[in-house]
Number of protein chains: 2
Amino acid sequence: MGLDFSILQTSDAGGRRAQLVLPHQTVATPVFMPVGTAGSVKAVPQDIVESLGAQIILGNTYHLYLRPGHEAIRRMGGLHKFISWPRAMLTDSGGFQVFSLSDLRKVTDEGVRFRSHLDGSSHFFTPEHSMDVQIALGADIAMAFDECTEYPADRSRAEQSLRLTMAWARRSLDHFRTHRHKVPWHYELGGATQSLFGIVQGGVYTDLRRESAERLVEMDFDGYAIGGLSVGEPRELTLEVIDAVLPLLPKDKPRYVMGVGYPDEIELYARMGVDMMDCVLPTRAARHALLFTSEGRINIKNKKYAEDQCPLDPACDCMVCRRYSRAYLRHLMQCGEPLSATLNTIHNLAYYLGIMQRVRTSLHSSPASLPRGPSSSG
Amino acid sequence: MGLDFSILQTSDAGGRRAQLVLPHQTVATPVFMPVGTAGSVKAVPQDIVESLGAQIILGNTYHLYLRPGHEAIRRMGGLHKFISWPRAMLTDSGGFQVFSLSDLRKVTDEGVRFRSHLDGSSHFFTPEHSMDVQIALGADIAMAFDECTEYPADRSRAEQSLRLTMAWARRSLDHFRTHRHKVPWHYELGGATQSLFGIVQGGVYTDLRRESAERLVEMDFDGYAIGGLSVGEPRELTLEVIDAVLPLLPKDKPRYVMGVGYPDEIELYARMGVDMMDCVLPTRAARHALLFTSEGRINIKNKKYAEDQCPLDPACDCMVCRRYSRAYLRHLMQCGEPLSATLNTIHNLAYYLGIMQRVRTSLHSSPASLPRGPSSSG
């Protein structure tokens, strides 16, 4: 068993509150997933990430494959044990980072050859290899190996990229099904396995997105992601693609929009029926002084906060807003103190996770409620 | 009232367990004081520093004077409020950093002119100015403005430096006594004031150290520090100086050795009768992969820890050793993850604070025990 997904309520707008049972955690959705690139949600100890209410975090396959290496992580019992994170995890396929971080990429139908951004060493990733790496890492959810279509991409480029992604999805799924029992915790968790999500691509072309979704649904993945968004396109297009694709995905399986977004975006998408989202924005922005509050965005470096003794967000009850002033947070940033990244990140994550908590609560009291939905077995 | 110091037990070796009542915290001594240079124990949130059992932390006057500025801190109610640290604090005089960090120093009898290491701006520090800055910061304990004699220093250089330090001690004390009521929390804490410690200098010349101690004791400070150690001299000389100076200091006042040391050193000095110590070593070494354990020092970058799933120190029950493996700590360091500094520092501080806790416990059960000692009013 990979996952069990039970819809508890839906709203007229299409939003749904559900329970996603994964081998390491039962996740209440809609859910925001903090990014823990190299096995750490940057600058925040695991116990604090837990106390913030994070139910599932991401690991990046590309980074963990390069360092410390997936076989080392397998030998240590998988990613959960290695980083001491007992709750759920998801790994991406490595594709996005291969395309955004590495040098000298050469893409063929077979796979992609690239050079490590760390030491220039040469590596070859195929859908099968991505599956092997992700099975060794052992996150609860793995992602099919895809090519993230860049923006802008003309129609013929988007078509070509989509063809590749669909062929790779098929190969990812076949390889995953054959080898998923090799996940490090398979026997320890009573025969549990990972789940595999397919990724809808197709750029900003609605008909290509439709073709992509239909072909993936035919393959019968455990869940479906919408990829290739937040790659530079205007927000209206992001929304348009999500709006077009969501109705094409099975109602009874989790739907994941990758790499979004700003606070108002994640709230909007969750209310439209997106179940899962991840983004580096709250953590990365925090390290660069951009903080999200109920009163809007704050650049904590601004001189006007130099003697501001108010909490960062007076409406927030996170451990940072309860204890520290804007003046102190500014001081830490000005001095380059490492505590700056830690406190800023804690607040931004609290803010993002709080949004999802409020959406779940409002869906809970939504008048249009459904009986318990059908469950899927992955 | 600045402080109340009550000796609870002494050992034959001269060690003593005491209670040091300060305006913000009653401190059990012997005590190790983590360094929080710019108002942060680097990389560790205040609540964790508290949970580790830190009773008193240091702030560096030089850094806080330059950024955010002592007047800004005074306007915000003092350092305790600014950094949200409710327990005790001590500030150094700024002298050590003026001599070690700044450029173009020019020392006269009046004071020292220097350029900021941050922006090259010119500043002039006198004993009176150091007192004004420290009173504005409002730590529980302030230090007299001194010149930290370098090592090696020949006898005439050490004599000249000592003369300066003694004249500055007198001026520090006079100015402090006149102005100490201006500390930001004076009225809020029912008329409480800071305490001022004098600093014994004299290089490695025992007779100069004696002269320095005798003259300071005559001035009647609230406590006495031994400065000018850990500046490059061999350990045997450090020990020799401490051993020579301790008997010259009043038994009923706190004795503070500045800037020491390695774990075995702080234990040794505490057992000899040193009540207070501070050092950047546990925090700075942590950020550079050097970790202290019951099994000796560990360089966590070492390849042999790559798949070592043991806790850093199996005998330690700190939050790092309870949760994370050596392999993970090595991985964080290898990847330059900011969490590395946080977890390493937490462990090293737990180790240092644990040593002092054990020394206090062993003094508690020491057979040679004294009645409650005389108390001093600062």
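1. Ser325(A) touches Asp308(A), Gln309(A), Cys310(A) and Phe82(B), leaving aside residues up to four places away in sequence; contact means heavy atoms within 4.5 Å. Ser325(A) sits in the loop between helix 12 and helix 13 of chain A. Helices (H or I, at least four residues) and strands (E, at least two) are DSSP runs, numbered from the N terminus. Ser325(A) is buried, at 12% relative accessible area. Buried means under 20%, exposed over 50%, partly exposed in between (1.4 Å probe, protein chains only). Its side chain reaches the backbone nitrogen of Tyr328(A) at 3.0 Å.

2. On the basis of the model: it is predicted, local features need pLDDT of at least 70, side-chain atom pairs count only at pLDDT 80 or more, and totals for chains, interfaces and linings use all residues. Residues are numbered from 1 along each chain as its sequence is written, chains are lettered from A and ligands numbered from 1 in the order written, and side-chain values use heavy atoms, without hydrogens and water.

3. The interface. 40 residues of chain A contact 40 residues of chain B. The buried area is about 3300 Å², with 52% from carbon and sulfur atoms; this is the accessible area (1.4 Å probe) that two parts lose on being put together, summed over both. Six salt bridges cross between chain A and chain B. A salt bridge is a side-chain nitrogen of Lys or Arg within 4 Å of a carboxyl oxygen of Asp or Glu.

4. Two of the pairs between chains. Glu50(A) meets Arg323(B) in a salt bridge at 2.7 Å, N to O. Glu50(B) forms a salt bridge with Arg323(A), the closest N and O atoms also being 2.7 Å apart. Glu50(B) lies in helix 1 of chain B and Arg323(A) in helix 12 of chain A, so this pair joins two chains. Glu50(B) is buried, at 18% relative accessibility.

5. Within chain A, Asp275(A) and Arg16(A) form a salt bridge at 2.8 Å, N to O. Asp275(A) is in the loop between helix 10 and strand 14, and Arg16(A) is in strand 2, so the pair ties together parts 259 residues apart in sequence. Asp275(A) is buried at 0%; Arg16(A) is buried at 3%.

6. Contrast the pair in helix 8 of chain A. Arg210(A) and Glu214(A) lie there four residues apart, about one turn of the helix. Their salt bridge is 3.6 Å, N to O. Arg210(A) is partly exposed at 42%, and Glu214(A) is partly exposed at 41%.

Terms used. A polar contact is a pair of N or O atoms within 3.5 Å; within protein, one must be able to donate a hydrogen and the other to accept it, and residues adjacent in sequence count only if both atoms are side-chain atoms.
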